[in-house]
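Dear colleague,

Please find the structure below, handed over for your own work. My notes on what was found in it follow directly after.

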Amino acid sequence: MTVVVVGGGPAGMMAAIAAAENGNTVTLIEQNDKLGKKLFLTGKGRCNLSNACPVEELFDNIVRNPKFMYSAIYGFDNTAVTDFFTDCGLLLKTERGQRVFPKSDHSSDVIKALRTKLDRLGVKVMLQTRLIECKTVNNGEKDSISAVIVKNANGKREIKTDSVIMATGGCSYKTTGSDGSAFLMLEKMGIKITDPEPSLVPFSCDDKCITDMQGLSLKNISVTVSQGKKTLYSGFGEMLFTHFGLSGPLILSASSYVRQDDYKKGIKVSIDLKPALSEEELDARILRDFEEYMNRDFGNSLGKLLPAKLIASVIKRCGIDPTKKVNSVTRAERKKLCETLKSFDIEVRGNRGFEEAIITRGGVNVSQIDPSSMECKSINGLYFAGEMIDVDALTGGFNLQIAWSTGHLAGTSCNV
Ligand SMILES: Cc1cc2nc3c(=O)[nH]c(=O)nc-3n(C[C@H](O)[C@H](O)[C@H](O)COP(=O)(O)OP(=O)(O)OC[C@H]3O[C@@H](n4cnc5c(N)ncnc54)[C@H](O)[C@@H]3O)c2cc1C
């Protein structure tokens with residue numbers, strides 16, 4: 001059987017390897033001049049390639065359509081991924097949060113391991129070659145793949161093939177090659193696409209306090225993101241104020257639960273700056289600080305409680321005169337201060353778009369794909385893998401696990 005894999009990212013490379021190991025003649029097409037351009041950027045250049053949690057927990061970290069992933073993950077789980085790379089001669093290590101990285105801390109070593117394996121298996125890699133069209137024939141009730149048309153410096157060319165594995169990625173970080181153009185092509189073929197949206201993406205905000213606080217990183221805080229009365233996300237951890245708004249692990253995770261429509265309706269981030277303390281405990285804590293700073297102005301009394309960059313905004317919001325002596329701050333004013341600290345609210349205008357989104361939510365609707373093989377239900381011989389499928393996960397190596405698992409399943413299925 002001949003297989004054409006489109007997209008030389010993690011999903012496509014894994015699919016090509018699995019298809020070649022199954023005895024197929026495989027061609028891998030990539031429009032860039034090298035493989036794994038996005039993979040190179042992952043994990044800040046270190047490539048968090050999977051997560052060593054118990055396999056069931058992988059599903060807890062998949063935000064959209066986790067059940068669709070059962071066959072793919074149980075067929076090639078996180079242990080299979082680490083075994084695969086170890087067999088390729090790549091040493092791995094596990095860090096905080098069970099995140100798996102190459103021991104060398106270089107994503108380029110992951111790409112090298114994959115490239116070596118592709119070469120050993122005799123996969124023909126065509127770089128700077130772009131898929132233009134998938135051709136089908138109808139010899140019965142369903143269409144079947146017959147060929148692809150590709151374009152490169154030598155012009156257009158038709159390659160006859162039994163199967164095509166589409167692994168063209170999403171729409172984020174376009175400069176890496178994932179430009180979403182394949183979605184338009186697939187829609188023309190009658191395949192349902194769920195609108196792609198940026199995810200794992202920072203929030204932009206207009207609140208003036210952002211400028212005062214840019215560069216401030218808050219640890220051990222909790223965040224609740226809501227749209228009207230509806231809570232979209234709550235979590236505990238770390239976040240960052242930037243020149244445009246909010247970022248950091250908690251905010252990126254929160255963005256996975258916010259739809260584009262929610263931004264339009266208006267969403268709010270509420271930060272609990274002291275999640276370990278109840279309001280009463282916090283009040284007692286503030287009273288202790290006030291006793292210590294009895295003769296100071298209120299504006300100079302919060303240094304022990306809060307990071308310097310937060311103080312001005314907290315004072316502004318709680319409405320207490322900063323020149324007032326600490327010993328004359330009233331109980332009602334302290335209550336307002338506690339409320340501000342427990343619920344520091346920031347309105348969100350939108351997100352930073354595909355340019356800054358770690359992943360794309362949406363893509364090929366899972367109703368179009370047989371989850372046991374990754375084959376398109378309406379076209380024989382057409383398979384999907386990786387981020388282009390409407391499945392997305394939180395940070396921690398889970399998105400690459402999706403790419404490896406779906407790539408492996410598509411590659412092993414396509415000569416059945
Ligand atoms: C900055 C950043 C850091 C990240 N870090 C991590 C991390 O540490 N861990 C993690 O799990 N995930 C991480 N991710 C997410 C992860 O990189 C993606 O989920 C993953 O790369 C998706 O793999 P893919 O093969 O499906 O798509 P991609 O990696 O996007 O590859 C798709 C490929 O298809 C090619 N292509 C597209 N259209 C065509 C066409 N018509 N013809 C030919 N070729 C085409 C593109 O050029 C591209 O090379 C990160 C993402 C970013 C942006």
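Helices (H or I, at least four residues) and strands (E, at least two) are DSSP runs, numbered from the N terminus. With that convention, the largest share of the shell around the ligand, three residues, comes from α14. Please note that this is a predicted model: local features need pLDDT of at least 70, side-chain atom pairs count only at pLDDT 80 or more, and totals for chains, interfaces and linings use all residues. Residues are numbered from 1 along each chain as its sequence is written, and side-chain values use heavy atoms, with hydrogens and water left out.

The ligand site

The ligand is surrounded by 33 residues, where a residue is near a molecule or strand if one of its heavy atoms lies within 4 Å of it. The closest are Glu30, Gly43, Asn48, Glu387 and Leu400. By type, the shell divides into twelve nonpolar, 17 polar and four charged residues. In this count Ala, Val, Leu, Ile, Met, Phe, Trp, Tyr, Cys and Pro are nonpolar, Asp, Glu, Lys and Arg are charged, and the others, Gly among them, are polar.

- A nitrogen atom of the ligand lies 2.9 Å from a backbone N or O atom of Asn48.
- An oxygen atom of the ligand is 3.3 Å from a backbone N or O atom of Pro10.
- An N or O atom in the side chain of Asn32 lies 3.3 Å from an oxygen atom of the ligand.

The protein buries 95% of the 1,000 Å² that the ligand exposes when taken alone; accessible areas come from the Shrake-Rupley method with a 1.4 Å probe, and for residues only the protein chains shown count as cover. Two or more residues of the shell come from each of α1 (10-21), α2 (37-41), β8 (130-138) and α14 (398-413).

The seven-stranded sheet

An open, antiparallel sheet is formed by seven strands in the order β18-β17-β14-β15-β16-β13-β19; two strands pair if DSSP finds at least two bridges between them. At its edges stand β18 (344-348) and β19 (350-351), each with a single partner strand, so one side of each has no neighbour in the sheet. Helix α12 (residues 308-318) packs on this sheet and touches β14 (217-227) and β18, its direction making about 95° with that of β18. Contact here means heavy atoms within 4.5 Å. Axes are lines fitted to C-alpha atoms, for helices over the stretch in contact, and angles run from 0 to 180 degrees between N-to-C directions. Helix α13 (residues 331-342) lies across β17 (267-272) and β18, at about 115° to β17.

Nine bridges join β14 to β15 (residues 230-241) in the antiparallel sense, with Ser222 opposite Phe236. Their hairpin has two residues between the strands, and Gly228 takes a positive phi near 60° there. A hairpin with three residues between the strands is formed by β15 and β16, in which Leu240 stands opposite Ser247.

The three-stranded sheet

A further open, antiparallel sheet has the order β3-β6-β5, with β3 (50-51) and β5 (92-95) as edge strands that each pair on one side only. In β6, Arg99 is the bridge partner of Asn51.

Yours sincerely

Definitions and conventions
A polar contact is a pair of N or O atoms within 3.5 Å; within protein, one must be able to donate a hydrogen and the other to accept it, and residues adjacent in sequence count only if both atoms are side-chain atoms.
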